[in-house]
Amino acid sequence: MTTITTDDPAPALRASPWSRLSDRLNPILVREVQQAIKGRVFPLTVFATLVVCVSIALFAASRHSEGADGRGAFYAGLATLVPLVIFIVPMHAYQSMRTELKGGIVEQLLLSRLTPGAVLFGKLQTAMVQFVLYVSVLAPLLATTYLLRGVDLPTILLSLGFAMVLCLAATAFAVSSAAQAIVPALQGVASLGIALGLGIATFGLIGFVLSGTYAMAIGALLRSGHLWPAVSALVLLAAYVTVLSWLAARSFLVHAFENKSTGFRVFLFVAPVFAYAWMLLAIELRYWSEVFAGMTFGMTLIGVCFGAFMVTEQRGLSPRVRAHAPAAPALALPATVLLPGRDRGLLCYTVYAVALLLVGMLGWPAWGSSTEAKLLGRSGLMVLVYGLVYLSIGRWLRGRLADNLQGNHIARVMLPLLLFLCIVLPVVFDLLVSDRVRGWHLGHVMNPFWTIDQFVGDRWPRAVPVLIAVAVLMFVLQLPIAGRALREVTAAIAARRARAAGGATAAAAARAEE
Amino acid sequence: MSGSLLEVQNLDRSYGKVHAVRDLSFTMQRGQITGFVGPNGAGKTTTMRIAATLDVPDGGDVRIDGVSVLVEPRLARLKIGYMADQFHPYPNLDVLQYLDFFARAYGLRGDRRRRTVRSVAEFCGLVEFADRPATGLSKGMGQRLHLAKTLLHDPQLLILDEPAAGLDPRARIEFRALLKELAAAGKGVLISSHILPELGEMCDSVVVIERGQRIVAGTIAEIQRHQELEQAVVARTIGDAAPLQRFLLTQPHVGEVAIDGARLRFAFGGDDEALAGLLAAVVQQGLPIVEFARAEADLEDIFLKTTKGRLQ
Ligand SMILES: Nc1ncnc2c1ncn2[C@@H]1O[C@H](COP(=O)(O)OP(=O)(O)OP(=O)(O)O)[C@@H](O)[C@H]1O
Ligand SMILES: [Mg+2]
């Protein structure tokens, strides 16, 4: 310790209660509050909200004497809340993250003990504080409408609950979009995406609330008994977006050699467990067939999206990941699926596809009798095989590019481009050769959308052998790749054990010397 | 702990075709101030950013107190204080609030946090500016705040990228004293700067790089000996210096003689005895001499002699 941090003999500064309380809070939250108090935007927004609310309340009260109830006022208040919590709060989080990234402040943050998770979490907490503040500004209005007997308590609580969940998810999305901008090439895309996404969501929701559709929907929901499935689905969805945003933000903020992949891969496998559990717990038996088929099909698409990122990573384990490989040899197999690297990524997708196939084989006999379920099941199967083909190509393509982060980004742009070309080129060819697009032919086989549409119906029996053959072929082609992926992991495990044994021997030798 | 505080091992880093750092190695001990010099674009910032875990090399490694920045970046981060060549504070925060925030971010809590913030602010001379907005500081005050932030978590190794740029002369002298105090407390300081006389004054050793490669490293005296730089002698007479110049040129061991106003500077290849003889001869000649001394070891000379001024 130096002169700087030795205990200062000067009389200890007296800790204010705020200072003591703030010790328990996330530093980001503390700072944002201090900044908000000093800044101008936040007090202005709160003041404007207050003015709007009071006006609405006064208007409603004056109308009440004419016999109108407080319903209109409530939804007007709700429509005021929507832009605040869906646009202003997330945009604030986005802006503050952008400021940090632009000035290189984020590097100063990352050098501290704050983890990227804590940074994101601090921003989410800040959003929640703002949310509570805006709601308390709205509280007099809500109380007025309640007293005017326009709305009942469940509607008020449910609406606020929805608003909070949406606010959290939108903020998480906004912060992770801002974090992507740490890669300069993605800055424009991120800004556009966030402004468009939040803007559209806000206008859509305001329209939804003001047109009275929301009132009808929530009334119907409260009466129907579907409240629990709907609310739980919404909460799960928001949780999904939040966790995914956290993983994405983290992957852009941590040191380049940290493990960014395992979180995503575990999430890929865990999320379906929650989804199926939700179905078993929250959905009535008579809807299981549709819900099961729809969810399982959705999971095939999600798997391909995750796969596109997994097969475009750098190949090898970074020094850090290698040094932190699991110590137990028994963990070699799961580690081979879950640790970073594009070879392991392809293997991970394959394992996921097989797992989904098994789940489907268990579920379809029970719930797959309806025509729609059958079609969805077949489509899902084809999506999985197409995924295997495209991801194998993607992995190969990635191998042609430079082995750095830029290479990953380029490959992630090239893979969708490849899909686009595979769809468009045969069509252009048809147009050039015969002046019109004829029906499906073999040239369109790499167009998943059209091919799936062609074969899930009556021609399904013709597709099955081809699907099996392709799947087996891709599987066999993958074996040497998977072998290499496994060998790298086992080598890392062996090296770690050797180091540990070496350390133990050295320690024993030191003890013996004493 | 034994071993070096900082070990740069065969570091390589390219940006496309630009080979910013190539096969760079050097070490640094505790309690030392090491100057890191080189022309613009030599790769100083790149090396420092890699050592600070903010960039990754294509090859090689950096160990801080034995911890590899590639294998244990999180552990390494706690051992270093990195002061980047640019400083961007948060808007709408006071100087003290700014320091307080980073103290929290470094996990300091309660009284310890308050005491640390206060003593660091005092150490860096920021107390008077405690409630100024952090964005409204002058360049020099900003540098002090930046340094204060860097010191909060009591790092073992300070990596300072051109910290003295923009400081006024008094602030620079104070800054130098601060660094010496830190080194005396056992910390290592790796500092890059283009202000060589000053760096030479405070550094125990220097590393000179050019186009990403190490040119020389060691203490200034060692490098001088190794580079066989001729020792310079400075002399001053009353009135016209030309007679002294003419006389010196007739004497043994004397190289080039340059006149700079009333002063003369000449290269001298002989030892101390020869130098004493020379002085006696000058006095005997009746030349009105008032100053006669070997010039201090000079980092600028080393820099100019070893680097070739090739930029990249
Ligand atoms: N992000 C980057 N992208 C491309 N090239 C870079 C990048 N960073 C540094 N370089 C290049 O690497 C070389 C070394 O740069 P660096 O900033 O390390 O030099 P420096 O020694 O700090 O120079 P200065 O004294 O001007 O600060 C330069 O040629 C520079 O153009
Ligand atoms: Mg530089």
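Modeller: A polar contact is a pair of N or O atoms within 3.5 Å. The structure discussed here is a predicted model.

Colleague: How far is an oxygen atom of ligand 1 from a polar backbone atom of G43(B)?

Modeller: For a polar contact, the N or O atoms of the pair must lie within 3.5 Å. An oxygen atom of ligand 1 is 2.7 Å from a polar backbone atom of G41(B), and the side chain of E162(B) has an N or O atom 3.5 Å from an oxygen of the ligand. For the polar backbone atom of G43(B), the distance to a ligand oxygen is 2.9 Å.

Colleague: What percentage of the area that ligand 1 exposes when taken alone does the protein bury?

Modeller: Taken alone, ligand 1 exposes 630 Å². The share of this area buried by the protein is 64%.

Colleague: Which element gives the largest share of the shell around ligand 1?

Modeller: The ligand is surrounded by 13 residues, with G41(B), K44(B), T45(B), T46(B) and H194(B) the closest. The largest share, three residues, comes from α1(B).

Colleague: Are α10(A) and α11(A) roughly parallel or roughly antiparallel to each other?

Modeller: Helix α10 (residues 227–253) and helix α11 (residues 261–282) of chain A pack at an angle of about 175 degrees, with their axes 11 Å apart. Angles over 145 degrees count as roughly antiparallel. The two helices α10(A) and α11(A) are therefore roughly antiparallel.

Colleague: How many residues of the contact of α10(A) with α11(A) are nonpolar?

Modeller: From α10(A), the residues that meet α11(A) include W228(A), P229(A) and Y240(A), while those from α11(A) include F264(A), F267(A) and W278(A). The contact has no charged residues and three polar ones. The nonpolar residues number 16.

Colleague: How far apart are the axes of helix α12 and helix α16 of chain A?

Modeller: Two packed helices are described by the angle between their axes and the distance between the axes. Helix α12 (residues 288–310) and helix α16 (residues 371–400) of chain A pack at about 10 degrees, which makes α12(A) roughly parallel to α16(A). Their contact includes G294(A) and F297(A) of α12(A), and G380(A) and L384(A) of α16(A). The axes of these helices are separated by 9 Å.

Terms used: Residues numbered from 1 in each chain as written. Chains lettered and ligands numbered in written order. Predicted model: local features only at pLDDT ≥ 70, side-chain atom pairs only at ≥ 80, totals over all residues. Heavy atoms only, no water. Axes fitted to C-alpha atoms, helices over the stretch in contact; angles between N-to-C directions. Helix = DSSP H or I, 4+ residues; strand = E, 2+ residues; numbered from the N terminus. Parallel < 35°, antiparallel > 145°, perpendicular 65-115°, else oblique. Contact = heavy atoms within 4.5 Å. Near = heavy atom within 4 Å. Polar contact = N/O pair within 3.5 Å; in protein donor to acceptor, adjacent residues only side chain to side chain. Areas by Shrake-Rupley, 256 points an atom, 1.4 Å probe, with all protein chains shown as cover. Nonpolar A, V, L, I, M, F, W, Y, C, P; charged D, E, K, R; others polar.
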